[in-house]
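Please open the model in your viewer and keep the selection panel at hand.

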Amino acid sequence: MNPTNPRNKFMQAAADEAIKGMESGDGGPFGAVIVRAGEVIACEHNRVLLTNDPTMHAEIAAIRKATAVLQRFSLHDCELYSTCMPCPMCLSAIIWAKIPKLYYGATAIDAANAGFDDDYIYEFIKAGLVGEKLSIEIADADNCRELFTKWKEKSDKNMY
């Protein structure tokens, strides 16, 4: 590892955070760091086991922390460093947070080989949201569509 490369410094911080989380029993081998203008804004690890929250992945925890620190929902001027290719949920959150640059270390195959396999989610999406793990139906669509009409008419809305 080249110590003069700032990306490696941030990836090392993410890896150190992942080890901290594993050693404390908080969750799996995942760490994430959010950087803005060369400064670490958030450094988090997987907390699924600690919180009993299946969404508390390192990237999600880091996004939540960074948005709290910056007091805004957009991280458009930040970068995210993750020890592993983010899962579909985390990847979506990164996109929703408007983070323009993602660096990751281990691949989804590396994660799958350690027992963290997200492939069934990708297959579910490719199959048109049809699968054995989740049944999806539309319910009360007219009532729910009315919410979007109300939103469009709202004069003081803040788009995100």
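This is a predicted model: local features need pLDDT of at least 70, side-chain atom pairs count only at pLDDT 80 or more; totals for chains, interfaces and linings use all residues.

Residues are numbered from 1 along each chain as its sequence is written, and side-chain values use heavy atoms, with hydrogens and water left out.

Select residues 31-36, strand β1, where 5 of the 6 residues are buried (under 20% relative accessible area, with a 1.4 Å probe and protein chains only). Strands here are DSSP runs of E with at least two residues, and helices are runs of H or I with at least four, numbered from the N terminus.

Val33 has Cys43 as its bridge partner in β2. Between the two strands the hairpin has 2 residues, and Ala37 takes a positive phi near 50 degrees.

Next select β3, residues 78-84, which pairs with β1 in the antiparallel sense over 5 bridges; pairing requires at least two DSSP bridges. Here Ile34 is partnered by Leu80 of β3.

Now display Phe30, His57, Cys87, Phe116 and Asp118, which lie nearest the centre of the largest pocket among its 23 lining residues. Elements giving two or more residues to this lining are α2 (48-51), α3 (58-70), α4 (88-96) and α6 (119-126).

Finally, show Tyr120, Ile121, Phe124, Ile125 and Leu134, the closest to the centre of the second largest pocket among the 11 residues that line it. A pocket is an open set of points on a 1 Å grid over the protein atoms alone, where a 1.4 Å probe fits, with protein on both sides within 12 Å along at least five of seven lines; lining residues have an atom within 4 Å of a point.

Terms used:
Buried means under 20% relative accessible area, exposed over 50%, partly exposed in between (1.4 Å probe, protein chains only).
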